[in-house]
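Please look at the sequence and the structure shown here before reading the report.

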Amino acid sequence: MSSKILVVAEHDGAKLNASTLKAVACAAKVPGASIDVAVLAADASAVAQQAAAVTGVAKVVVVENPANQEPLAAVYAPQVAKLATAGGYTHVFGPSTTFGKDVMPRVAALLGVSQVSDVMAVEGSHVFKRPVYAGNAILTVEVPADAPVVATVRVASFEAAPLGGSAPIEKTSVDVALPGHTRFVSRSGATTGRPDLQAASRVVSGGRALGSADNFKLIYALADKIGAAVGASRAAVDAGYVPNDLQVGQTGKIIAPELYFAIGISGAIQHMTGIKDARTIVAINKDAEAPIFESADIGLVGDLFQIVPELEKALG
Amino acid sequence: MRRIMVGVKRVVDYNVRVRVKPDNTGVITEGVKMSINPFDEIALEEALRIKEKGLADEVVAVSIGPADTQQQLRTALAMGADRAILVQTDANLPPLSVAKVFHGIAQAEQPFLVLLGKQAIDEDNGQTAQMLAALLDRPQAVSCSKVEVTDGKATVTREVDAGLETLEIDLPAVLSVDLRLNEPRYVKLPDIMKAKKKPLDTKNLGDYGVTEGSPFKTVKVEPPPARSKGIMVKDVAELVGVLKQKGLV
């Protein structure tokens, strides 16, 4: 049986988010899949071009509407649901980022199905693996073949689909009433010039042991030396050392870098959930009994305030 | 009556190290400490604070679960909820069924605000708030870290991957809450005594036209693959040596 999959693109109006390439990669694992990408935007020209270049994409479906300027779930979801029904899609995928987590369950409800959250592996067209209990158990779930499958894709579990394709772009309109009850006000985020935490191949994270926002400059300095993104434990975010968008873990970002430094992080299971797929974990902690050492590939016991500057110098 | 509805799920306690059953049908929940889902506690706390500011008259805690879920609802009442509704079932419902039950309760109770945790820490689905908002055809705000209720509207700040996003939404609305919204209060002994006298209604799934069972089939539940045991290094020089040898720096 062939599958027709609609992947909902995440973007900021100018740039396709890398999470979309992960969602396409997951879709490509579904046997016999034909993959279309839906771009909802006020002006989709730039993003549609980028989506068309993703290998494995058969067609880019574009819905331009001034109401699509910001990705409001209440506005996006009815359009995606309509596209899914009208296009006869068997699957609708989105990334399991804050964008997808917002929009996709609303799409699922409109299509009358529960969602498969955080797909980490595709076992068949209707069989998926996903983490539960903060990743302490892996559930294999089989969903009905006679209903649409709505899923979010755990981006850390898939390599980005490569570029090099040239899919046709098709503009369309959807005839559905859009609500005015939800209005975008503002978005604030640090534009740091550092690599994006979710896509970076190297990440340096700091924990509560840093002791202050000021001391976190040690983490930034090491990260900048090796071209890494900066992350943090929940404790460091809660203490106000760094903003919330740096949080790595069950309720923060789930990441899969090649190299991860956990500095002054004890290693609560909720944090470990966020880095399970990291290739190499380096832990630096003064407490030799810290649980982080059970999961680290390389451990170093000692005072981070001595070790981190020394390490930064040694990597110069 | 200006009413807030709060979802309360009974889950395996945050501090329990969850183990998979040897027959791979699920995780071990027998003899394990159960608690209110931590995100739901934050949702309840926010509802109570809104009421304490004089912006709501009543907070209703609702749950779906086995008879023992009364324990978690009594805790919610001790925290300050005015009354509770337990939709009693031993079935583990999929998110859409949960949203349908909550939809039925919302239609009966007519809350101006529904507050839910952004996810339950057992199945980590993170779907119910969004689905309920869809069924009600009302605004949603997911992962709220700040909520300000004004006349007929709310201004909410959400935690998103890029930082923080602020939305203005018309009420009624459904909000899911994130960790940094507030710190839930501790329950005091006199409140536990008082909570025993507060109303706790029991309903069943049929009252909301929802049936047990799920179209989703659990094929198996497995422990995650273990990471291989790592090595300890004695100093920075040795650490750098190992990283270089692995081609990582």
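## Basis of the model

This is a predicted model, in which local features need pLDDT of at least 70 and side-chain atom pairs count only at pLDDT 80 or more, while totals for chains, interfaces and linings use all residues. Residues are numbered from 1 along each chain as its sequence is written, and chains are lettered from A and ligands numbered from 1 in the order in which they are written.

## Strands of chain A

Helices (H or I, at least four residues) and strands (E, at least two) are DSSP runs, numbered from the N terminus, and two strands pair if DSSP finds at least two bridges between them. Strand S1(A), residues 3-8, pairs in the parallel sense with S2(A), residues 33-41, over 6 bridges, and Ser3(A) has Ala33(A) as its bridge partner there. S1(A) also pairs in the parallel sense with S4(A), residues 91-95, over 3 bridges, where Leu6(A) stands opposite Val92(A).

## Where the chains meet

Counting two residues as in contact if their C-beta atoms, placed from the backbone, lie within 7 Å, 66 residues of chain A are in contact with 61 residues of chain B. The largest share of the chain A side, 8 residues, comes from H4(A). Strand S11(A) pairs with S9(B), residues 163-170, in the antiparallel sense over 6 bridges, with Thr166(B) as the bridge partner of Ser186(A).

## A residue in H4(A)

Ala109(A) is found in H4(A), residues 98-111, and beyond its sequence neighbours up to four places away, Ala109(A) touches residues of chain B including Leu96(B) and Met131(B).
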